[in-house]
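Student: Please take a close look at one part of this structure, the aromatic residues and the surface around them. Give the cut-offs along with the values.

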Amino acid sequence: MSAPAHTRPQSATSGGVGTRLPWWALALPTLAFITLFVLILNPADAHAATGDPAITHLVERLQQLFAR
């Protein structure tokens, strides 16, 4: 008498994940980051950037570092 052959069940994840992000899901956060980074590098364009002199000093040091 022969034993029944057991086959492995088909896996549900064999084809990979079919979820795709729209193009703006990456583009908008990237654009926001670049915009904020440019404002940090040039605080004269940020009209509400009056505040702690330590932060101003830090931004000036960063500008000097990137200008090299």
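Tutor: **The aromatic cluster**

Phe33, Phe37 and Phe66 form one aromatic cluster. The model is predicted, so local features need pLDDT of at least 70 and side-chain atom pairs count only at pLDDT 80 or more, while totals for chains, interfaces and linings use all residues. Residues are numbered from 1 along each chain as its sequence is written, and side-chain values use heavy atoms, with hydrogens and water left out.

The structure holds 2 aromatic pairs. Rings of Phe, Tyr and Trp (its six-membered ring) pair if their centres lie within 6.5 Å; planes under 30 degrees apart count as stacked, over 60 as edge-to-face and the rest as tilted. The Phe33 and Phe37 rings are stacked because their centres are 6.1 Å apart and their planes are at 15 degrees. These two residues are 4 residues apart in helix H1, which means a separation of about one helical turn. Helices here are DSSP runs (H or I, at least four residues), and strands likewise (E, at least two), numbered from the N terminus.

Phe33 counts as exposed, at 57% relative accessibility, whereas Phe37 is partly exposed, at 35%. The classes are buried under 20% relative accessible area, exposed over 50% and partly exposed in between (1.4 Å probe, protein chains only).

Phe37 also pairs edge-to-face with Phe66, at 6.1 Å centre to centre and 75 degrees between the planes. Phe37 lies in helix H1 and Phe66 in helix H2, so this pair ties together parts 29 residues apart in sequence. Helix H2 spans residues 53-67.

For the chain as a whole, the secondary structure comes to 2 helices and 0 strands. Of its 68 residues, 1% count as buried.
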